[in-house]
Amino acid sequence: RQAVREMETALGRLMDGAARAIAHQKLLGRQLGEQQQAIGQRVRTAELALARGDEAAARRELRRTIEHTQMADALAQQAATAEELGDRLRQQVTAMRLKLAEARRKLAEISARNRAAVARRKFIEAIPREAVDGAVVSTFDRICARVEQSEAESEALLELLGVDEFADLFDADVEAELRAMREAASAWKTLGQALT
């Protein structure tokens, strides 16, 4: 949870920095637009002055046009750099959001696993010690392990040979097992009736 909170804080700082950089980029764009408008206005004013025959005024306006052009060039370079930085920061924000979403998902998963582990531990602690330590349990565990191993080997062989070809064999095994269970149940029932 602490790691997720730290990621949320880092994302907030990154978004603040990205917002400032993007705002700076927009401001530079506006200033560049203003300089370009000023250039156009100076050129028109110089043309009007020249049309009136006032070459001195036309020269002044052309000098100012050069100043605005130089300023516009510098702003254009700054705007390009700011745009590149803004794009990088946008990508970083997107990547951080994805990482944060993944971290939140993992946190939920880990929390669920932790709750399950705690519940299992409580269950295990509630089992009487003699039932866990007894020879009956260990013998039963060995038998279960052998049966599981045998089942796994059978499944592996069937996988290698093709499952469809041996479906009938499984049906026969299932039927045989079912018959054996019925017979055992019947025997226990008969024994129970005999005892009562």
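View 1. Glu61 is buried, at a relative accessible area of 9% (buried is under 20%, exposed over 50%, partly exposed in between, with a 1.4 Å probe and protein chains only). This is a predicted model, where local features need pLDDT of at least 70, side-chain atom pairs count only at pLDDT 80 or more, and totals for chains, interfaces and linings use all residues. Residues are numbered from 1 along each chain as its sequence is written, and side-chain values use heavy atoms, with hydrogens and water left out. Glu61 forms a salt bridge with Arg42 (3.0 Å, N to O); the term means a side-chain nitrogen of Lys or Arg within 4 Å of a carboxyl oxygen of Asp or Glu. Here Glu61 sits in helix 2 and Arg42 in helix 1, 19 residues apart (helices are DSSP runs of H or I, at least four residues, numbered from the N terminus). Arg64 meets Glu61 too, at 3.3 Å, N to O.

**View 2. A nonpolar core.** The largest one has ten residues, among them Val4, Leu11, Leu89 and Met96; a core is a set of buried Ala, Val, Leu, Ile, Met, Phe, Trp, Tyr and Cys residues joined through side-chain atoms within 4.5 Å. Helix 1 and helix 2 (55-126) each give it two or more residues.

**View 3. Gln25 in helix 1.** Gln25 lies in helix 1 and counts as buried because its relative accessibility is 18%. Leaving out residues up to four places away in sequence, Gln25 touches Ala82, Glu83, Gly86 and Arg90 (contact means heavy atoms within 4.5 Å).
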